[in-house]
Structures are given as C-alpha cells and as structure tokens.
Amino acid sequence: MDLMQKLSILGEAARYDVSCSSSGSVRGKHAALGKGPSIGNAAPSGICHSWSDDGRCISLLKVLMTNHCEYNCSYCINRKDNDNPKAAFTPEELAALTMEFYKRNYIEGLFLSSGVVKSPDHTMSLLIETLTLLRRKYCFNGYIHVKTIPGASPEAVIAIGYLADRVSANIEFCTDESLKLLAPGKELRTALSPMALIRDRREESGNLMMHPIRSPRFVPGGQSTQVIVGATGERDYHILSMSERLYKNYSLKRVYYSAYIPVNSHPNLPAITSTPPILREHRLYQADFLLRFYRFTAQELLDNDNRDLDFEVDPKCDWALRNFEQFPVEVNKADYDTLLRVPGIGTLSAKRIVAARRLSRLGFEDLRKIGVILKRAVYFILCDGKFHAPYDLEPDMLRSVLADKQGKKMASPLQMRIEDLDLLRV
Amino acid sequence: MIYYVYDGTFEGFLSAVTELFRSEREGSVCKEEDIRPLIPHIEAEVIEGITEKFGEYLSRHFGRAMPETIYYAFLSELPGIEEAIIGYIRLARKIRKDPIDMLNVDCVRRVAEAYKRIGREKHRYMGLLRFRKLDFAEDAGRGEIFYAEFEPQTDCLSLLADHFSDRFENVPFMIADRRRNKCLLHLTGNDWMIREFDPDIFNGNSTETLYEKLWQRYFKCMAIPERINPKLQSSNMPKKYWKYLVEEPG
C-alpha cells in the first residue's frame, strides 16, 4: 500500500476527533531533545494552517498510527467488526511525513492517536517510537498531541508525556451506563486514572522547573479530553457537570464536544440516517466558555429541573432571562465580574469598558465606539442611568426578540480560533 | 497648515513627524506620491538613527508598548493612518501616558484598529503561507531553498521574519510579497534580510509534487461529509487567502 492510500485511510479515520488546538505550549530551544540543530517551535497562541470543507480548522497532522482495533465500540468507525479498509504507518514513515509537511508550513505539528493493536502497551510503544524518532532523530521541536490508549500502563503514559506537548484521554461518555452500552470493556475510570497521573506528574515537574534549567518538561501544553454528544441519553446537565469537575479536579485545559455522527448501525445508537446535533454541540461550547472564562458554575446554568441548554437563546442569555431581577446594570459602576454576566458582553468588551471608564464616564455612544456589540446588551444595561433599549420588555417577550435566527450562528466556537486569541490577549 | 513630505519609509515618516513637532506649527505629514500640487510643503530629511531614538523616547515616557503599536499601525497602510498616528502621539504627550485604551477618541481607535488588522493578517499568514522546495544553481554551487509567496493587504512581511527564522532556523527560505515586489530572505541562524524581489530567479525550477499531492488528498479527507459548510470555511479563511494555497478549498 502506498503512502497516499495510507494517509487517506488513517486521516479519514482520525477526523472525528475534534481537538485541533496547537496552543498553550511554549517550546524554547532549550526544550529540544535531539542532539543536532533543532527545527520548529510552538507558538503559545496556537496557529491554524487551513480550514477544511466542513469549516473546521486544520492545525496538526491528525492521523491514526493504525485503524486496526481490538475493541468493538459500537459508536466508533474503527471498531473491530467494521470491514472498512485498514492500514498502518510505520513509525519512520510517519515521522518523515510529519517533517516534510512541517517544513512546508502545512501543519503546526502532529496529533497522533491509534486503534488498539495486540495490547494497549504494544500500541503505546509504537506511538512512543514515532515520537522518539521525531524528537531525537529529526530534532523536531514543534507541537505534538498524543491520545493515550485506554488501558495503557502508567509507565507508558509517563514516557510519552515527556515527548508530547499535550496528552489527552478521551472520556467519550459521561456515565458508566453509557459506556457499558456502547463501549464494552471501557469504564470512566480508564480515562480518569491516566488524567490523574498526568496531573500529578505535571505538578511535580512544574515545581522541579524552578530549579534545574534544563529539566525535561512533562506535557507542557496540558491535557484535554473529548465527550461525544447525542449518541446516548445523557443530558447537558450531566455533561457540563462532568466538564466542571474535569476543569476543577483534573486541571484540564479543554473539554471538546463532538456531535455524534452515525457511522455504524446499532440498536443502542441513533439511526444511521439521523443528522448530527450540531446546534446542541454549539450550545455546549458556549456553556463551556462560560465555565472557563466567565466564572459561571454548571449549577447556575442548569440543574435537575432544567437539564438541557436552550436552543433558542445562548446559555448566558438564558441565564440572564431567568435572573432578570439582577438587571439592568450600570456600566459605569458594575464590577468586571458583573459586566461579564451581561449577554453580549464578552471578556474583551468587559475589559475595554473597565479601562475606558477610568478616563471618562461612558455614555451609550462611547460603548459603541469602543466596539461593544450592543444588540443584546442594550436590554441589560444602563449608561449613566439611562436605558437605551428600543423596548422595555418582560423576560418572555424579550426571549423571542433575542432568539437566534434558525441556522444562523451555527459556527462552533471550536473553530473561532482568532476570536479565542482576542479573549486571551488584552 | 504645512505638510512635511516623506519618502514612504518608516524612518522617513518618523523624521517628518519629528520635524513637524519641532516646528510647533499646525500641520501634518504626507507621502511624496500623495502630495497634491500647490499645497505648501517641506521635504523632510531622514534623520539618522531616528527609529531607535524615537522608540526610546516613546517607551521612556509612555510605556514600552507604544513603539510597536506605532510601527504596526504604520505598516497597515490604511488610508489616513499617518494623521491618526500623529493625533495619537499628540494625545500621549498631552496626558503623559499611552492613550491606547481611550478607544472613544477617533485617532486612537483608528490606530488600535490598524494595529489589530495587521496583527490579524500576520497571524493568518503564519499559518497560511505554503513553502515549496526549489532547487537552484548559481556560481557558488547548487542548493535548495524553501520558497513561499503571498499578496498581503498590509505590509506585514517584516513582521513574519522572526517567527519563521526561529521556527526554521537551519532551513534556508524566502518569502516573496508579490504585491510590493520585495522578499524576505533567510539562510541560517536567526538572521534575515529584506530585498527587492526578482521574479525570474526561480524560473522553471519547481521540482517536487509528491508532498503537495499528499497534502491535497489529506485536506479533502479531513472534511466530515455530514458537516460540509462552505460558509463557515470561507468566513474562517476568506477567499482572498486561497490563491497561493496548495490545498483546494471549496
């Protein structure tokens, strides 16, 4: 089989993994592991290199080592019983290809994952070999993201953590019941225990970093995971609570949400003809941003009586309409955290308001000038005591005014990389 | 009202601004090519070492970010940006600090927008430039070089130099701005230079297609058929960037 065929098969098999981030890692020259002159670096902001025809960003060469697999998870395109064409890279082949793509600036690095061949640790050894070639033989100092193999030994996870920038273990489903139905042989524990291992080792090596200058870095880009949405009966409340727990207890950098795309027929799964729940995925990303950057808790957004995110309006808007007595807020007085809770005001706008109002009191026109988008915010703010909305509405009416137009704003925040950067900059 | 005319370079611009401020007259600065006949003007001479001197002055009085803000804004080539930069510096001198947060003042907002715009374009091209390996032969011998070309809207070529020189420290490369006919040349180490571009130097020397074909195929494989979304694709990667890509979007 030639390289072209392998690349098609193993690229296609990897495309359902949504993470494409290449951000959060800094690799200075001193981080290079090879003896020769190194090539590559990692930009803390992350860099997108292209956008595929589905609009998702391509940053890393995302491929599987092999799509042969011992497991038979019913949601997965690469399960054992599927008779799709199978292929495998050799470590040398893949390392060389990565280098050639990198030198042409097609990619920011490698995202490597794999089906399970022979045993989890045997598979891990193939991944480790590939990374070792890249880091030592080719002196590659760019970004590498590796997905650990479920059931891999702690030693293998640690070994790969010293070669990669980011390591992820995919949770896939938030409850053991769902896993039992669809992924026999996997438990939540199989994903959570490597996460805990990586977290602890990162903290240790973080402390070590204070002393020896050249101490090897362990998973400098942090961990992420992925949850599949819409294949089983989990509600948004379960998913968001799980995300919150992962951010808090496991210091994860990102949780990715992947709208389930039916690739197999199975009695426990949505019909093969059903469409992926892209709007639901979008709402989960919005809620996820509220957890990470807007200081919301999952409990505030959803609870046992209110278990799914609203489709009509975004989660922050929904929260504001349910807590309408807290509005309107005066933009010249409200503190940063309160401004962040106003629908339509993001971290960038909130920071600009706080900076600009030090110099002069802000009227409505000033907000427009400093670039605050007022379409939604106008219903929730006062400028110098004045309310500027075209109508003064009760929450129910307001909800229909603020509803997203069908099909509009379907872009998933996952792809909004440049906006993402703006969030972090100022 | 008097105009100080400069040669189009950043040094020339700063020299003209310096002369304008020294004269304490009402006035502005303008590129040679933009000056209209019969408008009273003075040709500003380039002051040696002005970039360093001016930068030092700005960062000492108004903070370290200001020289970069002004350099980026100038390179954005937005119409009327000279005027906005002068207003921005005047305001800084008046309030004795960097006024970059005062976005409700017109000239500050225009500078901030220019800064953002060129920063965004630079960041986009960090990802979207595509290099091709080319062989060349000259008197000194044969060799290979990685070559990329683009037509940026802003003059962001020099802003890409450090990023690519650091990343491809030991790889010789050239990036050509085909709109402005100049190129960035890096041979080895962190050193680079900007030169006039001669489109004939690589005539007929394109060799390899293997990796381009692999990349094209990979690119098509990455799209999930159930999620095809051309609108999202072109909003993330506007069509003006497609011309020099290897892959074939859409």
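Residues are numbered from 1 along each chain as its sequence is written, and chains are lettered from A, and ligands numbered from 1, in the order in which they are written. Because the model is predicted, local features need pLDDT of at least 70 and side-chain atom pairs count only at pLDDT 80 or more, while totals for chains, interfaces and linings use all residues.

**Chain A as a whole**

Select chain A. It has 16 helices and ten strands; helices (H or I, at least four residues) and strands (E, at least two) are DSSP runs, numbered from the N terminus. Its C-alpha atoms fill a box of roughly 70 × 55 × 35 Å along the principal axes. The radius of gyration of chain A is 23 Å, close to the 22 Å of the globule rule for 426 residues, so the chain is as compact as a globular protein of that length. That radius is taken over C-alpha atoms, and the rule is 2.2 Å times the number of residues to the power 0.38.

Of the 426 residues of chain A, 49% count as buried. A residue is buried if 20 or more other C-beta atoms, placed from the backbone, lie within 10 Å of its own, exposed if 12 or fewer, and partly exposed in between.

**The sheet of chain A**

Next, select β3 to β8 of chain A. These six strands form an open sheet in the order β3-β4-β5-β6-β7-β8, with parallel pairing. Two strands pair if DSSP finds at least two bridges between them. The edges are β3 (60–64) and β8 (254–259) of chain A, each pairing on one side only. Neighbouring strands of this sheet are turned by 20° against each other on average, direction ignored.

Zoom in on β3(A) and β4 (residues 109–113) of chain A, which pair in the parallel sense over five bridges. A:Leu61 stands opposite A:Leu110 in β4(A).

Axes are lines fitted to C-alpha atoms, for helices over the stretch in contact, and angles run from 0 to 180 degrees between N-to-C directions.

**An exposed lysine**

Select A:Lys386, in the loop between β10 (381–382) and α15 (395–402) of chain A. A:Lys386 is exposed because 10 other C-beta atoms lie within 10 Å. Its C-alpha atom is separated by 44 Å from that of A:Val227, 159 residues apart along the chain.

**Where the chains meet**

Show both chains. Here 43 residues of chain A are in contact with 42 residues of chain B, contact meaning C-beta atoms, placed from the backbone, within 7 Å. On the side of chain A that touches chain B, the largest share, six residues, comes from α1(A). The residues of that side divide into 21 nonpolar, twelve polar and ten charged. Ala, Val, Leu, Ile, Met, Phe, Trp, Tyr, Cys and Pro count as nonpolar, Asp, Glu, Lys and Arg as charged, and the others, Gly among them, as polar.

**Chain B**

Finally, select chain B. Its domain assignment, automatic or from a database, gives domain 1 (2–124), domain 2 (129–196) and domain 3 (210–241). The C-alpha centres of domain 1 and domain 3 of chain B lie 40 Å apart.

Three strands of chain B form an open, parallel sheet in the order β2-β1-β3. Strand β1 (residues 2–6) of chain B pairs with β3(B) over three bridges, where B:Val5 has B:Glu43 as its bridge partner. Helix α1 (residues 10–23) of chain B packs on the sheet, touching β1 and β2 of chain B, and its direction makes about 155° with that of β1(B).

How values were computed: Contact = placed C-beta atoms within 7 Å.
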